[in-house]
Amino acid sequence: MSSPALPSPSRPRTSLDWRVRFGVLALIWGFSFLFIKVGTEGFAPFQVTFGRLLFGTAVLAVAFVVKRDRLPRGARTWGHLTVAAFLLNALPFSLFSYAELTIPSTLAGICNATTPLWGMLLSLVALSEDRPTRVRAAGLGIGFIGVLTVLGAWQGFSGLDVTGTALALLASFSYAVGWIYVRRTLSGTGSSNLALAGSQVGLATLQLAVVTPLFTSLPTHVEILPLLSVIALGALGTGCAMLLQYGVVAEVGPTTASMVTYFIPVIATAAGIAVLGEHLTWNTPVGAVVVLAGAALTQTRGTRRRSGKPAPTTAPTAAGTTTAGPPTEATSATTPPAQVTATRV
């Protein structure tokens with residue numbers, strides 16, 4: 001993926017320091033798992049997902065109109081965006097909502113951090129130009145040891161809701177599949193990152209608008225706290241967070257911006273404990289540290305190849321995970337040029 005261009009001297013900078021915006025972005029994405037948990041206390045999982053996509057689309061639509069951007073063109077592009085919307089938004093968002101019916105938000109946040117590991121594993125098969133170095137291969141192994149530590153494999157996963165955990169891990173896997181798909185199909189569209197990502201989220205909203213009535217019924221009453229959580233999840237976690245990320249990537253580059261990935265599970269864990277009163281056993285935070293260490297190693301880049309071609313560059317996704325690939329997440333290996341797709345919980 002082509003990294004978003006760094007700001008030129010003539011490009012106006014945001015008055016708010018990028019470090020502050022980086023911190024706000026990490027907080028928003030970290031608290032998203034708490035918002036999901038609270039949202040599912042008043043709404044069905046599909047309703048939570050539909051709400052977050054609807055409010056996220058509204059924020060991006062306003063930005064789209066203000067910037068006077070243009071929608072992507074071509075039936076082929078829209079077809080690929082429809083698949084990307086399913087893999088990077090509709091499916092993983094729904095899976096996380098269902099997962100948090102039975103697992104703590106802290107565990108969901110940690111499972112989300114495995115996306116780079118799945119991406120690395122899939123790239124071995126799907127991306128012939130992205131072969132691993134020894135360090136990255138070691139990171140993959142370390143990361144999955146961390147996953148087993150989080151799950152307490154040595155005690156037979158005792159006390160763990162296997163279904164909920166599997167759904168959360170499947171959501172992270174969906175992000176990884178989605179970024180590989182995006183990398184292969186949406187390069188060189190000529191559309192802006194805002195146009196592509198906004199269209200993708202809008203398509204995901206339409207997908208949930210069709211699915212939600214088939215599997216749920218309207219709630220008999222609406223509780224204010226779950227409603228506010230869904231609004232915050234969409235407007236902040238899917239809409240505003242994407243706009244914040246665009247600015248950070250443009251100002252400091254994708255490598256620095258992608259570091260937000262490693263703060264998200266920490267914030268999600270702290271929020272779950274402090275606000276929801278969730279409890280952790282020792283293996284959960286220890287395993288999370290090992291997962292993040294492994295994920296960081298999988299994102300390292302080797303030296304230039306003998307052919308003189310540069311090694312693939314990294315780029316963040318709106319999911320908050322890092323991506324890797326030549327000029328072309330989400331949520332992801334890489335996104336199209338200058339695109340940061342919306343995948344983040």
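These legends walk through several close-up views of one predicted model. Local features here need pLDDT of at least 70 and side-chain atom pairs count only at pLDDT 80 or more, while totals for chains, interfaces and linings use all residues. Residues are numbered from 1 along each chain as its sequence is written, and side-chain values use heavy atoms, with hydrogens and water left out.

View 1. Helices (H or I, at least four residues) and strands (E, at least two) are DSSP runs, numbered from the N terminus. Reading from the N terminus, the order is α-α-α-α-α-α-α-α-α-α-α-α-β-β. Of the 345 residues, 55% count as buried; that word means under 20% relative accessible area, with exposed meaning over 50% and partly exposed in between (1.4 Å probe, protein chains only). The accessible surface is about 14,500 Å², and 69% of that belongs to carbon and sulfur atoms. Such areas come from the Shrake-Rupley method with a 1.4 Å probe, and for residues only the protein chains shown count as cover.

**View 2. The largest nonpolar core holds 61 residues.** A nonpolar core is a set of buried Ala, Val, Leu, Ile, Met, Phe, Trp, Tyr and Cys residues joined through side-chain atoms within 4.5 Å. Trp-29 and Phe-96 have the most contacts inside this one. Among the elements that give two or more residues to the core are α1 (18-39), α3 (75-99) and α9 (224-252). The largest share, eleven residues, comes from α1. A second, separate core has ten residues, including Met-120 and Leu-292.

**View 3. Two salt bridges turn up in a search of the whole structure.** Here a salt bridge is a side-chain nitrogen of Lys or Arg within 4 Å of a carboxyl oxygen of Asp or Glu. One joins Arg-21 and Glu-251, at 2.5 Å from N to O. That pair ties together distant parts of the chain, with Arg-21 in helix α1 and Glu-251 in helix α9, 230 residues apart. Arg-21 counts as buried because its relative accessibility is 5%. The other pairs Asp-17 with Arg-19, their closest N and O atoms being 3.2 Å apart. Asp-17 is partly exposed at 34%, and Arg-19 is exposed at 54%.

**View 4. Leu-16, Val-20 and Val-24 make a nonpolar patch on the surface.** Patches are made of residues with over 30% relative accessible area and no salt bridge; like charges are joined within 9 Å, and nonpolar side chains (Val, Leu, Ile, Met, Phe, Trp, Tyr) within 5 Å. Val-24 lies in helix α1 and is partly exposed, at 33% relative accessible area.

**View 5. Arg-68 sits in the loop between α2 and α3.** Its phi is near 55°, a positive value in a residue other than glycine. Most residues other than glycine have a negative phi. Arg-68 counts as exposed because its relative accessible area is 75%.

**View 6. Gln-200 lies in helix α8 (residues 193-215).** Gln-200 counts as buried because its relative accessible area is 0%. Ala-84 is 116 residues from Gln-200 in sequence, yet their C-alpha atoms are 6.9 Å apart in space.
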